[in-house]
Amino acid sequence: MERARITVFDTTLRDGEQSPGCSMNVQEKLRLAHQLDRLGVDVMEAGFPIASEGDFAAVQAIAATIRRPIIAGLARACSQDIERAWQALKGGARPRIHVFLATSDIHLQYKLKLSRQQCLEQARDSVRLAKSLCADVEFSPEDATRTDHEFLYQVLDAAVEAGATTLNIPDTVGYSIPEEFGDLIRSIRKRVRGAEKVTISAHCHNDLGLAVANSLAAIAAGARQVECTINGIGERAGNASLEEIVMAIRVRPDRYPYDTGVVGEQLFPSSQLLGEMTGAPVQPNKAITGRNAFAHEAGIHQDGMLKNPLTYEIMTPQSVGVPDSRLVLGKHSGRHALGLRCEQLGFQFDRRELDEIYRRFVVLADKIKHVEEHHLLELIRQTRGAAGRGESPASSIGAVGQSFFKKPTPVPVAADFAVPLHPAVDHHAEQEDYLWGV
Ligand SMILES: [Zn+2]
């Protein structure tokens with residue numbers, strides 16, 4: 001039986017970026033967008049073009065340079081927003097305008113001061129306008145899970161009639177629970193006219209810690225797109241975590257017989273790059289991407305792991321891109337090994353940049369035995385900082401080495417996942433270095 005394909009809609013650059021402490025500049029967004037492309041997401045929401053000049057520029061730059069995935073831009077249900085979104089998106093290979101309008105009585109009454117009838121008309125008119133500009137239109141009734149169901153079906157009917165190709169159902173305030181959310185998706189498929197011609201999507205927030213569970217319930221009920229973010233960042237408690245949804249599907253095909261286009265090995269590099277850029281740390285016990293996600297400390301677990309990893313591991317660290325802890329970076333490592341490890345951390349450098357990082361790396365590796373990932377991230381940061389200040393490489397090399405001796409570097413995002421389960425390998429770390437050197 002052919003497995004249904006789930007469209008992975010990443011909104012790290014929009015909903016994620018909106019969360020406190022996670023803002024990014026245009027260059028950073030573009031770098032993350034390239035990483036999301038490598039990760040294999042189907043849609044990336046690049047921003048909210050009317051929100052700021054920076055957001056507009058980021059959406060425009062991403063649409064112009066990243067051609068494989070669909071690039072979406074967010075717009076409120078008004079002509080100014082929709083036209084601005086289209087200006088940013090129109091140079092893209094596969095643009096999508098994402099229009100949203102709140103539909104719950106509490107939002108209509110207190111936030112928008114609209115009657116239900118006005119809301120219905122505004123939804124229809126705005127989708128129609130978006131459709132006149134762009135073939136691919138997504139419509140989201142904000143706060144759908146607290147909207148009167150009969151009214152929700154009416155608004156969605158109108159959106160489909162006006163040309164929406166995706167109906168996204170947001171649990172904006174993270175209020176829903178899995179069975180209820182699954183029922184809502186099922187009823188929408190049954191009650192909305194033309195629902196079978198469009199893609200039904202889920203957009204879940206994590207206020208009760210249920211965003212991933214709700215998203216999976218939606219898929220089981222027939223949703224074929226999920227909206228999510230790397231590390232689950234997003235407003236308040238965050239959005240559904242992309243890596244958790246994807247790996248739940250991959251680890252339990254018996255229950256979730258679906259496919260996604262996500263490249264598992266790029267999950268950890270994506271998480272690292274995001275954490276490094278925003279400075280927002282990943283909680284150590286975060287599923288899939290936390291630094292303890294594959295660490296085994298208890299003796300009985302270590303013993304089991306040595307005998308057979310399946311005793312305590314339902315997926316391998318390698319399958320989600322956690323670097324093999326046995327590959328140690330030391331002073332005998334070459335540029336190639338260094339470049340590979342940088343890539344695993346989500347950074348790609350041209351020859352000149354890598355040369356500069358390598359020069360600093362050699363100085364550091366001469367002083368400390370093993371260069372861990374957090375050292376490497378610090379090195380990358382400092383090299384970039386020095387380039388930004390126009391410093392000559394030679395003047396700052398010493399400082400890099402020095403800083404590691406004066407105070408231990410904090411470990412904000414990356415940490416060594418190394419668990420010395422293979423003592424024999426550890427003892428031969430030097431030989432491993434040679435194997436990696438080029
Ligand atoms: Zn949201």
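User: How are the donor residues of the zinc ion spaced in sequence?
Analyst: This is a predicted model. In it, D15, H203 and H205 coordinate the zinc ion. Written as a pattern along the sequence, the spacing of these donor residues is D-x187-H-x1-H.

User: How far apart in sequence are the parts that the pair D15 and H205 ties together?
Analyst: D15 belongs to helix α1, residues 12–16. H205 sits in the loop between β8 (199–204) and α9 (211–220), so the pair links parts separated in sequence by 190 residues.

User: Are D15 and H205 buried or exposed?
Analyst: Both residues supply donor atoms to the zinc ion, OD from D15 and NE2 from H205. By relative accessible area, under 20% counts as buried and over 50% as exposed. D15 and H205 are both buried.

User: How many residues of α9 are buried?
Analyst: The buried residues include A211, V212 and N214. They pack against several elements, among them β7, α8 and β8. α9 is mostly covered, and of its ten residues the number buried is eight.

User: What is the relative accessible area of D81?
Analyst: D81 is found in helix α4, residues 79–89. Buried means under 20%. D81 is buried, at 1%.

User: How far apart in space are D81 and F48, C-alpha to C-alpha?
Analyst: Beyond its neighbours within four places in sequence, D81 is in contact with residues including F48 and I50. D81 and F48 are 33 residues apart in sequence. In space, C-alpha to C-alpha, they are apart by 8.7 Å.

How values were computed
Residues numbered from 1 in each chain as written. Predicted model: local features only at pLDDT ≥ 70, side-chain atom pairs only at ≥ 80, totals over all residues. Heavy atoms only, no water. Donors = N, O, S within 2.8 Å, 3.2 Å for Na, K, Ca; no water. Helix = DSSP H or I, 4+ residues; strand = E, 2+ residues; numbered from the N terminus. Buried < 20%, exposed > 50% of the residue type's maximum accessible area, 1.4 Å probe, protein only. Contact = heavy atoms within 4.5 Å.
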